[in-house]
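Try each task before you read its solution.

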Amino acid sequence: MYEEFYGLKEKPFTRTPDPRFLYESAKHAEALARLQHAVEEQDIVLLTGEIGSGKTTLSRALIDSLDESYHPVLIINPRLSPSQLLLTVALRLGMDDRGRHKHGILEGINGKLYELYEAGKRPVIIIDESQLIPGRATFEEIRLLTNFQLDDRNLLALVLIGQTELKDRLDRKPYRALRQRIGMQYHLGPLDRDETAAYVAHRLKVAGRKAPLFDAAALDVVFNHSGGVPRLINIIAGNALVEGFGRGVDMIGPEIIEDVVKDGV
């Protein structure tokens, strides 16, 4: 569509969590570093942030950064009962016995974790959208997974990723047993004005465009309407490219941004 017109090899503002497009702002770089450190230490880490702040992209970047000594288990739809969660973890760790009852699954997971440890593999369980976990009982099974340890080390790392309300939930009394085991946490905030401009430039560069495509005034308007939230930046900037292509303009100015926002962004 507009890619050839603007000298792009691909669309720069898609809504998929492609780690190639991760812009490592100071906030995102620190969040990724904390995730990597917690995984290396086989600890429990909590990452929270508003909708569209880039948490899922960070989870994919984390997985891409792990070498072959790690065994990542990514759960992207955690609306699971306790038994469903345990079975999902078991299957993705490589267990193939679907007929076990819950206690047997836990015992099997314990054995599998020790087997992976003996093979030099370090399991990493990453639960995205953790605020969707349906109840305390499932969180309790997650806590029980963290009981699997040797005298001197944990047998797995656990990464909980979710919206801001996840932290508030874990701060409640019924969840304190799990909350107290979280060794590291980070809240991912929005980009500032300069970071928003750099974010747009970064994504354009990854997509193949070297020269600026949005003028300074347009970037200011993008920031004003997006609040520095990456997902909203993608929607506004992506729609602006479609509109700019339709008008045949070489440079996206503030009037195009205002028009696409007015049309429903």
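**Exercise 1.** In this predicted model, find which residues Q42 touches, leaving out those up to four places away in sequence.

*Solution.* Begin with the contacts: Q42 touches R122, P123, R153, N154, L155, L156 and A157. Finally, check the accessible area. The relative value for Q42 is 9%, and buried means under 20%, so Q42 counts as buried.

**Exercise 2.** Work out how F13 and F214 are arranged as an aromatic pair, and which parts of the chain they tie together.

*Solution.* Start with the total, which is six aromatic pairs. In the pair of F13 and F214, the centres are 6.2 Å apart with 85° between the planes. Planes over 60 degrees apart count as edge-to-face, and this pair is edge-to-face. Now locate the partners: F13 is in the segment before helix 1, while F214 is in the loop between helix 8 (193-206) and helix 9 (216-226), so the pair ties together parts 201 residues apart in sequence.

**Exercise 3.** Describe the aromatic pair of F139 and Y175.

*Solution.* The geometry is edge-to-face, with 5.3 Å centre to centre and 80° between the planes. F139 belongs to helix 5 (residues 136-145), and Y175 to the loop between helix 6 (164-170) and helix 7 (176-179), 36 residues apart. Both F139 and Y175 are buried.

Terms used:
Residues are numbered from 1 along each chain as its sequence is written. This is a predicted model: local features need pLDDT of at least 70, side-chain atom pairs count only at pLDDT 80 or more; totals for chains, interfaces and linings use all residues. Side-chain values use heavy atoms; hydrogens and water are left out. Buried means under 20% relative accessible area, exposed over 50%, partly exposed in between (1.4 Å probe, protein chains only). Contact means heavy atoms within 4.5 Å. Rings of Phe, Tyr and Trp (its six-membered ring) pair if their centres lie within 6.5 Å; planes under 30 degrees apart count as stacked, over 60 as edge-to-face and the rest as tilted. Helices (H or I, at least four residues) and strands (E, at least two) are DSSP runs, numbered from the N terminus.
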